[in-house]
Amino acid sequence: MAKEIAWNSVDAGYGRTVAVEGITVRLSPGEKLGILGRNGAGKTTILRAMMGDAKVHHGTVEIDGVDVTGMPAYQRNQLGVAVVPQTRDVFRSLTVRENLIVASAERDRTKLAVKLFPRLGERMQNLGADLSGGEQQMLSIARAIMTKPDFLMLDEPLEGLSPTLAQDVMKSVRKMVEETGLGCVLVEQHVATVLDFCDRALVVQRGQMVFSGTTDELRGRPDVLESAIGLSAVSSENE
Ligand SMILES: Nc1ncnc2c1ncn2[C@@H]1O[C@H](COP(=O)(O)OP(=O)(O)OP(=O)(O)O)[C@@H](O)[C@H]1O
């Protein structure tokens with residue numbers, strides 16, 4: 001079981017481009033970290049650096065104390081870290097049941113998916129292509145936990161969902177974390193969701209880490225919320 005994941009002074013990007021600089025953060029099992037920032041700030045790149053999908057120019061990423069910076073991406077997946085990408089990871093031509101089975105570390109694991117996402121239980125014979133956006137997101141998350149990860153990184157899971165569906169998805173994610181003890185990284189643009197769900201937060205602005213601390217501390221930093229995320233985002237969520 002992976003005990004910790006860590007980014008140590010990471011500069012990362014694509015080719016020669018550096019998209020994020022000086023990212024330092026650690027996460028233990030059961031902890032919930034939110035990553036906030038505007039479009040293009042570098043949130044996804046932080047996740048990609050951990051998974052081997054972005055180039056790390058400086059610093060290291062660690063899984064359970066092991067420096068995995070040079071490790072191929074496919075090997076990292078076996079070390080207990082899973083990611084739910086922004087583009088929902090669902091096979092459109094397979095049924096919900098088949099989608100879960102092909103991702104499962106063990107057959108019975110699909111029961112956990114149905115327990116956490118009852119809506120999927122009602123759609124087991126439906127094709128991935130025939131699911132609503134919210135159901136596809138639920139399936140994408142359920143598929144990720146079929147591999148029995150210790151850490152799950154969710155990249156804007158609520159994007160494009162209605163407020164009601166977004167609430168349903170977050171309710172299941174909360175239940176999942178409580179029942180499995182997973183550590184969770186949540187990339188989000190909605191400040192209220194991060195403040196409500198996460199213990200800690202990282203705020204990025206143009207590739208730089210401008211805040212790292214508890215969500216309680218972030219609540220007391222309207223300056224950070226205003227400049228790095230935008231007052232409108234905060235006020236509209238509080239309306
Ligand atoms: N594959 C890529 N090749 C080159 N540049 C990229 C690539 N992916 C992202 N970038 C650039 O890296 C920077 C950070 O992008 P990133 O996707 O990490 O931001 P983000 O905060 O997740 O944004 P969003 O909220 O819009 O998803 C942006 O300037 C983006 O254009």
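Predicted model: local features only at pLDDT ≥ 70, side-chain atom pairs only at ≥ 80, totals over all residues.
Ala 144 sits in helix α6. Leaving aside residues up to four places away in sequence, Ala 144 touches Ala 82, Val 83, Val 84, Pro 149 and Leu 152. Val 177 is 33 residues from Ala 144 in sequence, and their C-alpha atoms are 13 Å apart in space.

Now the helix itself. Helix α6 covers residues 133-145, and its 13 residues should span 18 Å at 1.5 Å a residue; the end C-alpha atoms are 19 Å apart, which agrees.

How many of the 13 residues of α6 are buried? Eleven, so the helix is mostly covered. The buried ones are Glu 135, Gln 136, Gln 137, Met 138, Leu 139, Ser 140, Ile 141, Ala 142, Arg 143, Ala 144 and Ile 145.

What covers the buried residues of α6? The cover includes the strands β6 (81-84) and β7 (151-155). It also includes the helices α3 (96-103), α4 (109-116), α5 (118-121) and α7 (163-180).

Next, the pairing with α7. Two packed helices are described by the angle between their axes and the distance between the axes. For α6 and α7, the axes come within 10 Å and cross at roughly 15°. Angles under 35 degrees count as roughly parallel, and α6 and α7 are therefore roughly parallel to each other. Their crossing is right-handed. On the α6 side, the contact is made by Gly 134, Gln 137, Met 138, Ile 141 and Ile 145. On the α7 side, Leu 165, Asp 168, Val 169, Ser 172, Val 173, Met 176 and Thr 180 take part. By class, this contact has seven nonpolar, four polar and one charged residues.

Last, two backbone points in the loops. Most residues other than glycine have a negative phi. Lys 148, which is not a glycine, has a positive phi of about 55°. Lys 148 lies in the loop between α6 and β7, and it counts as partly exposed because it has 15 C-beta neighbours inside 10 Å.

The second case is Glu 156, also not a glycine, with a positive phi of about 45°. Glu 156 is in the loop between β7 and α7. Is Glu 156 buried or partly exposed? With 18 other C-beta atoms within 10 Å, Glu 156 is partly exposed.

How values were computed
Residues numbered from 1 in each chain as written. Helix = DSSP H or I, 4+ residues; strand = E, 2+ residues; numbered from the N terminus. Expected span 1.5 Å × (residues − 1). Buried ≥ 20, exposed ≤ 12 C-beta atoms within 10 Å, placed from the backbone. Contact = placed C-beta atoms within 7 Å. Axes fitted to C-alpha atoms, helices over the stretch in contact; angles between N-to-C directions. Parallel < 35°, antiparallel > 145°, perpendicular 65-115°, else oblique. Left-handed = near helix turned anticlockwise from the far one by under 90°. Nonpolar A, V, L, I, M, F, W, Y, C, P; charged D, E, K, R; others polar.
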